[in-house]
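Please examine the sequence and the structure shown below before reading on.

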Amino acid sequence: MAQTNSQDRYARHGGVHFTQKASPEEINNFVRNLPESRRESLFEVLDELNSAGMIQIQNDGVFSDPYGNLHGTEGCYDGEE
């Protein structure tokens, strides 16, 4: 894997926060070589990339909406029982 600067990113659909650890070219080649059944879902692709060490999914409760605005889950469930 080529050396690259880690960069925080958000998945365009679903808004999942992750850190990019591989170059875009390496990520694209990896995804192209996945079996079609593993490319059917964005979340499966993100899981595969995370498992391969090409990205690191951040479980920090921060997500991006479709417009690129960041939102958190803190307080979302306040008042619910």
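Just after H2, Gly53 adopts a positive phi of about 80°. The model is predicted: local features require pLDDT of at least 70, side-chain atom pairs count only at pLDDT 80 or more, and totals for chains, interfaces and linings use all residues. Residues are numbered from 1 along each chain as its sequence is written, and side-chain values use heavy atoms, with hydrogens and water left out.

**Overall make-up**

- The protein contains two helices and five strands, where helices (H or I, at least four residues) and strands (E, at least two) are DSSP runs numbered from the N terminus.
- Along the sequence, these elements follow the pattern β-β-α-α-β-β-β.
- Of the 81 residues in the protein, 26% are buried; buried means under 20% relative accessible area, exposed over 50%, and partly exposed in between (1.4 Å probe, protein chains only).

- Helix H2 spans residues 42-51, and Val45, Leu46, Glu48 and Leu49 are buried in it.
- Seen down the axis of H2, these buried residues fall within an arc of 160°, so they line one face of the helix; the arc is that of the directions from the helix axis to the C-beta atoms.
- An α-helix has 3.6 residues a turn, so residues three or four places apart point the same way.
- Phe43 and Ser51 are exposed on the face of H2 turned away from its buried side.

**Cover and helix start**

- The cover over the buried residues of H2 includes helix H1 (24-32) and strand E3 (55-57), with contact meaning heavy atoms within 4.5 Å.
- At the start of H2, a side-chain oxygen of Ser41 comes within 3.2 Å of the backbone nitrogen of Phe43.

Key:
A polar contact is a pair of N or O atoms within 3.5 Å; within protein, one must be able to donate a hydrogen and the other to accept it, and residues adjacent in sequence count only if both atoms are side-chain atoms.
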